[in-house]
Amino acid sequence: MSVDLSTKYLGLLLKNPLVVSACPLTQKLDVLKQIEEAGASAAVLPSLFEEQIQHEEVEIAKAREFGTHSFAEALTYFPEQDDYRAGPESYLEFIETAKKSVSMPVIASLNGTSEGGWVRYAKLMQDAGADALELNVYFIAADLDMTAEDVEKQYLDLVRAVKQSVSIPLAVKVGAYFSSMGNMAKRLVAAGADGLVLFNRFLQPDIDLDDLETLPQLDLSTRSELLKPLRWIAILHGRINASLALTSGLHESTDLAKALLAGADVGMVASVLYTQGIDHLSEILSGLRRWMEEKEYDSVEQLKGSMSQENCPDPAAFERGNYMKALVSFTGEAI
Amino acid sequence: MSERRFVTIDGNEATSAIAHLCNEVMAIYPITPSSGMGELTDAWAAAGRKNIFGAVPDVVEMQSEAGAAGAVHGSLQAGALTSTFTASQGLLLMIPNMFKIAGELTPTVFHVSARSIATHALSIFGDHSDVMCCRSTGWGMLAGGSIQEVHDMALLAYASTLEARVPFLHFFDGFRSSHEVNKIEQLGEDKVRAMIDPELVRAHRARALNPDAPVLRGTAQNPDVFFQAREACNPFYDKVPGIVQKQMDKFAKLVGREYHLFDYVGAADADRVIVIMASACGVVEEAVEKMVADGEKVGMIKVRLYRPFDGKAFGDALPKSVKTVAALDRTKEPGALGEPLYQDVLTALVENNGSSTPNVIGGRYGLSSKEFTPAMAAGVFNEMKKAEPKRHFTVGIHDDVTHLSVDYDPSYSTEADDVVRAVFFGLGSDGTVGANRNSVKIVGENTPLYAQGYFVYDSKKAGSVTVSHLRFSPRPIKGSYLVSKANFVACHQSVFIEKLDMLSLAHDGAAFLLNSTYGPEEVWDSLPIETQEQIIRKKLKLYVVDAYEVARKAQMGVRINTVMQTCFFKLSGVLPEDEAIAHIKEAIQTTYGKKGGGTVVERNFAAVDGAIEALHEVKVPGKVTSKFHLNAGAQGNPPEFVKNVLGMMIAYRGDELPVSAMPVDGTFPTATMQYEKRSVALDIPIWDPDVCIQCGICSLVCPHAAIRMKAFDPKYAEGGPEDFVCVDWKGKEYPGMKTRVQVAPDDCTGCGVCIHSCPAKNREVAKRKAINMEPKRDHLDVERKNYDYFLSIPDMDRAKVKADTLKGSQLLRPLFEYSGACAGCGETPYVKLITQFFGDRMIIGNATGCSSIYGGNLPTTPYCVNAEGKGPTWSNSLFEDAGEFGFGFRLAIDQQIKYASGLLRQLSSKIGDELVTGLLENEGRTEEEIAEQRRMVAQLKKKLAGLDAPEAKNLIASADFLIRRSVWSFGGDGWAYDIGYGGLDHMFASGRDVNILVLDTEVYSNTGGQASKATPRGAVAKFAAGGKPSGKKDLGLMAMVYGKVFVGQIALGANAPHAIRTIRAAEAYRGTSLLIAYAHCIGHGINMTTALSLQKEAVACGYWPLYHFDPSDEEQPFHLDCKTPKGSYKEFIDQQARFAILARSKPEEAQRLANLAQQDIDRRWEFYSHLAEMTHGSGGNGQPAREKEEVKG
C-alpha cells in the first residue's frame, strides 16, 4: 500500500512534509543537491541578516573611506571598483544558482527586527528566483522602556513592510516569547504572513571565564524542544488561515509524525543533520511512511491536524492538561 | 560628430582619459602627484575599457621609475604605443632612457605632473624643476595650463609625436593642475581617432625590432662618427614646431579650441609682456584682463611648446610695441645667468631683433606650489614699469637676504562679484573634501555654471586639517589660485575656532557657517576676540549648525560632510535648495549605492534631511564680548626659532616668513613636536591605578608616545599636582620605587590602541580596564598639569633599567614623540621602541615614505632629545637609496673612529695611557659601557682643551665618534622590496654594521596603497585591483642566503618580548642587520584600534612567522620563534578589507588565491622548519655581541 506524502505549504505543493530549515548547510550547493537527493521536499536557505546587510555596507564603506582625503599623497587607499558586491549580492546570486541546480522549491530567508532599507532585499530575493520567503524575526527587547505593545507593533510593521514588497508567499518565523502567542500568531497572519514557522531558537551569550568576555553560543537542538512548537501548532491549527511549519527538536520520523498530527504542514530539520548526516532525511521519510502504513493513513493531508487542539480527544491537554496528567500519573490520583 | 560632453574632473583624469585611448602599454611607478594617472588607467584596464585600437591597454607597475622607463623603451622598440606617468625624482630616474628614446627618434608621450625636486628638502608640490632637467634629452615639451588645456595638450602631444618621431613630455603643474577639479569639455573617442593618423601608427610599428626584418639599434659608436650621427636627427627637430602647429590647427577645426605655439593675450599695443607657462597662465591672464580694462598696456604670452623653442614663432607672437619682457620661471637654477625660460626668451629676442631687443628680465615664482596670484602678476607688471626693473627677481615671497623679491599689493583682486567663492575648513576624517568634490561635480555637471575645486592638506596624517577652495562661475574659471576673498566660509570643526584665523579669507558681507554644539543663542560667546571682531567689521552673516548631532542621529559618526554640504547649498544659493538636495542625494547614491551600500545611502540621506532643520542664523551682537584670543602657533615655552619660525608654520602662516628666517641648508632642530599641541582627540585614556598591573603594554603600543610609564623615587610622589596619583612599583626589580602611567592629553590622537591592548580588567566592572577612554574635556586641565609634572620627574638611570623586558623597555624615555602618523599607525611603535633603546646615539637614514613624512615633514619633528640633549639625528636622502645612505654613514663613522683612534695613540703621552686604553678597548656593547664611553670622551675633551697641537684640535672634532653610534636605515616595503632592493642587497653583501628596519605595511602606504612585492597574494591594492596574483617576496630569506646578515622577523602585536629581544640582538650584532617588522596600515582596510590583535592571528596562522637568524650563532643560526601554525589563515584575511574586497568582487578568484596563499604558508613553514634544524658553520664576518642576547619567542 502506498501513502501520499505530499503536502501544501505556503501555497507550494511539496512532495513530502520534510523541509530543511535555514542553516549553514543549505548555503553549500553540493550539500543542497545532497539534501534534494536524500528526499527533502524543500530547503530554506541560511538567513540574510538585517545586521549583516547593514554591517557589511557600513563597515566596507568605513574601511574604504578611513583615512581618505586626509593627506595630499594618499587621497585614497584602494583601487576604484564598480563590480564590488556586498554580502547580500552574493546571497542573491546563490539563490539564482541554487534554483538552477535543484528542482525542489528554494525558500530564501531574511532575518531582521525592524523596518528599514534592508527590507528591499526581500524583493531582490524574489527577483533572484526564490519560491517563497521566510522572514525570521528575532528581537530581544533589552530596552526596559519598551512595552510588549511596542514590540508587537514592530513585528507587525515589519511583516507588513515585507509583505508589501513581494508577491511570493511569506512565512514568518518567530520565537514563543509572547504573552499571548495565539493572538500574536493571528495578528501576524492578518499583517500578511502566509505561514508561520514555530519556533526560532535564540543564540544565547555565554561568559568566558578566562577573558571575561561574552561568547555567542548556539547549541544544536534536542528532541525535548519539540514539545513547545508541537503545543502551539496544535492550538493554532484550523484557527488561523496560514500554513504552519514546525521547527526545533524535530530529529526523527516519529517527531515528524507528531508535528503533522498536531497540524503542521511541514516539519523542518537542521540540527539532526549535523549529527546524523544528510542521509538521515531519507530515514525520517521512510520512517514516516512506515508509521503511516502501519497506522493505515492514506495521506499526509489525512493525518494533518488530526491531533490538533480542536481535533484531539482532550483539547484541554494543550492548555494545562499535560501538567495535570503528569501529576496524576505520579500520585495515582488527579489533583 | 559627437555631442559636446562636459565633465568635472582633475588634471590627472583629464590626462589619463587621453593616454588610455592612445596607448597599448603603460609601464608605471607610483609617485605623487602623478600616481592618480596610472591608477586610473589601471582601474579602467581592469574594467575592460579599450583604447582606440580596440584593445585593453596593458598597465604594469614596475619596481622603480628607472624600471618603468626601461620597460617603456623596450615596449616602444617592439612596436607598441607606450607611455608612462611620473614626476620629480621619478622623472629624473627616467632621464637615461629618455635620451635613448629621443636618440632613436621614437614617438611616445610621457605625462608629467611637474613637481619640485628634493634639494634642501623634499617637496611633493608643484614646480618645473623636474621637467627643466629634461631639456637636454631631446624631447618635445608641451605644457598644459587649465584642466581643459591639460586634456587638449595630451592629445596634441600624441598627434605630434607620431608625425614628428620626436618623443614628447606633456607636462602640467603638480597638484595645482593634477589635483584641481574643473569643468571641461571631454574629447570624445571620435575626436581622438581623428587626431591619430593610423598610417603613422603603422609606421611606428614598422620601425619596431622584428626578426623578420632584423636591424641593429643601440650600437656603441666611436669618435669617428658619433658626432655626425648625433647631428643626423636635426631635420626632425627642425620640423617639430611646424608639425605641432599643424596639429593644433587641425584640432581647432575639429574641436573649436584654437592653440598656437605661443598664445598672446592682452593689449595690441602692450609695452610690458609677461611670458609664462602652465597653470600660472590663467592667473596672469586674469591680471592682464583687469589691467587692460583699467587702461594699462600690458599683455602676456602663454608658452605651449617649450621644446623645441621656436624663436621666430615667439617673436611673431610678441607685439612690436613691447619695451619690457618678463620671463617667469617656476624653477631655480642656482649659478645660472638666469632660469631656462628667461634664457630662451632672451636668446630668441636677441636672435630676432639684434640691438633693438626689448629689455628682458627674469623672475622666479611659485616654487613648490607657492601661491601665485593675479596680485603677484600685477606686482611684476608694476616692476616692469620702473625705469630700472630688477633684471633677476622673485615674486610671491619676501626676500630680505638678497632682496630679489618684487613688491605687490596682496589686496589686489580680479575676482568678479558674480562668482561664488567658498572656503571650507575640515578634518580629514570628517569627509569634507569628499563632499566638496561632489559639490563641484554636482554644479559642473548639472548646471550651466562652471566649477572649480582645489584642496589643501596639512602635513599630519592624524587629525589633519583640510581646506577646500571652491569657485562657481557663469564663465570658465581660468585662475588657478586659492580663494582669498571668500563670500562663504565654513568651519566644519569647532576645534579650529581657537586655532585658525579662518575669517582672514572672508570678504565683506560673506556668510560664515560654523559647526558647533553651541546653539544660536550661545555660539557667539564661544568665538575668540579676533573672530568676533572680523564678523562685526566685515559685516559677516553668522550661521550655526550642530552637525555632530545631526550626524549622530543619522548614525554617521564623525562624518558630518553631508550635513555641511547641504547647509552650504542652502546658504550659498548656487542652486535652488530642492534641486541641490536632489543632486546631493543622487551623488550619495552614486558613491555608495552601486557598492551595495543601501544602509550607508539611507544614513547619508537622513543626514541631508536633518541638516536644514538644524541650521540657524545667529544674531550678531554689535560689539566684541569674548574674553579670549586666538591661540595659534607654537605652544608652551618654545625656543626662539621654534616660536618665531616653526610657530608661524604651525599657525598656517608660513607664507609670511621671509627668506632670512629659513635655515640656509635645510637643517632644523629636533624635539619640536612638543610645541605643536594639536589636541585632536575627543576622548583620552585615563589611568586607573587600582586595576593596573604595570605591564607597560599601553606605553609600548602607543603610536604617538602619548601614554608613558615612569618608575621614580618616592620623593617625587609629593609636591606634584593635587591629582597626581602614583603607586608602589609592583615588581621586584626596582624596590621602593613609585610608578605612574600618564597620558599626554594634547598629544593623544584618541586612537584607542592602548585601551584595546590593556590586559588588566576591573573586577567590579569587567568592561573597564586599567586605562579607560573618557571625554577629554572632563580631564584636560588636570591631565595637562599631571603631564607637565610627570615630564619633570627624571627618567631612570638607563644603566639600571632592565631594558630587555617589556616593562623595562617602557621606562626608557622615547626619543620619538607625538608623531603625526595616522591614528593607530602600525609603524611608529617600532620606531619609538628603537629610539628608547638606542635613540641617544642613533643616526638614521630614512627612505622617503610614511616614515620620512611623520619623521621629517615640517613644521615639527617627533624625533627628540633626552635630558642631556642627546637624541636621534635624522636625514632623508631619496626613496631609493636609504640603504646606501646608511651605509655611507657607517663608512664615515668607521673612518672617523679610525682617525680618532690614531690621534689617541699619537697623543697618548699627553692624554694619559689609562684613558687612551680605556677608550680604545671599550666597545660600547652595554649601557654601562656606553655611559663609560661618554664619561671618558668628556674627560678627553677636557684634557685636549688645554693642548695647542693641531692634532688635539682635530681629536676634539672627532672625539664624539668614540661613543658607539647606532646606524640605522629606515624605510617601508616599497623601498626595501622594490625600488631600494638593489642597494639593500649590496649592503647585505658588504656586511658593514648598519641596522635596517623595514616597516612592512605590504603596500606603498604613503602614496595611497599601491602594490609592492611585499603585498600578499590575493590582497587588493592599487595596480592589483584583481588581487595580487603572486606571493610575497621572502626578503628575509634572501638576506639570510648571504650567511652573514642578522635577520629578524618581528610583530610587536603578536609577541612584544620577541620583538624587543630581536631588535636588541640585531643592533648588538656587528654586521648588517635586517629587521622586518609587521606594520598594519590603513591600506589593509582594518580596524586600526584592534589591529595589533590581528598580528597575533598573522603569526598563529603561519602567515607571519617570527624568527631570527643570527650568523654569530655558529651552531644554529636560524631559530623559528613561534609555534607550528594552527590558526585559520582564512579567518585572518576575512577581517581585512584588502582581501574581503576580492572575495566580494571575484569570489572564485579570491578562493583560488587564498588556497595558493595557504600553500605558500605550508611550504614556507616546512622550509623554515628544515632551516631551523640545520647547523651553520660559516660564522659570517659579523662578530657576536659580547654578551649575546638570547632571542626566543
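Residues are numbered from 1 along each chain as its sequence is written, and chains are lettered from A in the order in which they are written. Because the model is predicted, local features need pLDDT of at least 70 and side-chain atom pairs count only at pLDDT 80 or more, while totals for chains, interfaces and linings use all residues.

**Stop 1: the cores**

Select V275(B), F512(B) and Y543(B). They have the most contacts inside the largest nonpolar core, which has 354 residues. A nonpolar core is a set of buried Ala, Val, Leu, Ile, Met, Phe, Trp, Tyr and Cys residues joined through C-beta atoms within 7 Å. Buried means 20 or more other C-beta atoms within 10 Å of the residue's own; exposed means 12 or fewer; partly exposed is in between; C-beta atoms are placed from the backbone.

Now select residues 147-164 of chain B. This is helix α6, which gives this core its largest share, 11 residues. Helices (H or I, at least four residues) and strands (E, at least two) are DSSP runs, numbered from the N terminus.

Return to F512(B). Beyond its neighbours within four places in sequence, its contacts are V489(B), L503(B), A506(B), I535(B), L540(B), K541(B), L542(B) and Y543(B). Contact means C-beta atoms, placed from the backbone, within 7 Å.

**Stop 2: helix α8 of chain A**

Select residues 253-262 of chain A. Helix α8 is largely enclosed by the rest of the structure, because 9 of its 10 residues are buried. The buried ones are S253(A), D255(A), L256(A), A257(A), K258(A), A259(A), L260(A), L261(A) and A262(A). Their cover includes β3 (18-20), α7 (227-236), β11 (243-246), β12 (266-269), α10 (280-295) and α11 (300-303) of chain A. Step just past the helix to G263(A): its phi is positive, about 130°.

The axes of α8(A) and α10(A) come within 8 Å and cross at roughly 60°. Axes are lines fitted to C-alpha atoms, for helices over the stretch in contact, and angles run from 0 to 180 degrees between N-to-C directions. The two helices are therefore oblique to each other. Angles under 35 degrees count as roughly parallel, over 145 as roughly antiparallel, 65 to 115 as roughly perpendicular and the rest as oblique. S253(A), L256(A) and A257(A) of α8(A) meet I284(A), G287(A), L288(A) and W291(A) of α10(A).

**Stop 3: a helix pair in chain B**

Select residues 577-592 and 598-614 of chain B. These are α19 and α20, packed at an angle of about 160° with axes 9 Å apart. They are therefore roughly antiparallel to each other. From α19(B), the contact uses I581(B), I584(B), K585(B), I588(B), Q589(B) and Y592(B). From α20(B), it uses V600(B), V601(B), N604(B), F605(B) and V608(B). The contact residues divide into 8 nonpolar, 2 polar and 1 charged. Here Ala, Val, Leu, Ile, Met, Phe, Trp, Tyr, Cys and Pro count as nonpolar, Asp, Glu, Lys and Arg as charged, and the others, Gly among them, as polar.

**Stop 4**

Start with two cis peptide bonds.

- L198(A) to F199(A): omega is about -5°. F199(A) sits in the loop between β8 (195-198) and β9 (204-208) of chain A.
- T32(B) to P33(B): omega is about 0°. P33(B) sits in the loop between β2 (25-28) and α2 (35-46) of chain B.

Then pick two non-glycine residues with positive phi.

- R165(B): phi is about 65°. Its loop runs between α6 and β7 (168-173) of chain B. R165(B) counts as buried, with 20 C-beta neighbours inside 10 Å.
- A671(B): phi is near 60°. Its loop runs between α21 (640-650) and β23 (683-687) of chain B. A671(B) is partly exposed, with 19 other C-beta atoms within 10 Å.

**Stop 5: A821(B)**

Select A821(B), in the loop between α25 (806-809) and α26 (828-838) of chain B. A821(B) is buried, with 26 C-beta neighbours inside 10 Å. M673(B) is 148 residues from A821(B) in sequence and 12 Å away in space, C-alpha to C-alpha.

**Stop 6: where the chains meet**

Show both chains. 36 residues of chain A are in contact with 41 residues of chain B. On the side of chain A, α2 (50-65) and α3 (87-101) are the elements that give two or more residues. The largest share, 8 residues, comes from α2(A). By class, this side has 18 nonpolar, 9 polar and 9 charged residues.

Definitions and conventions
Contact = placed C-beta atoms within 7 Å.
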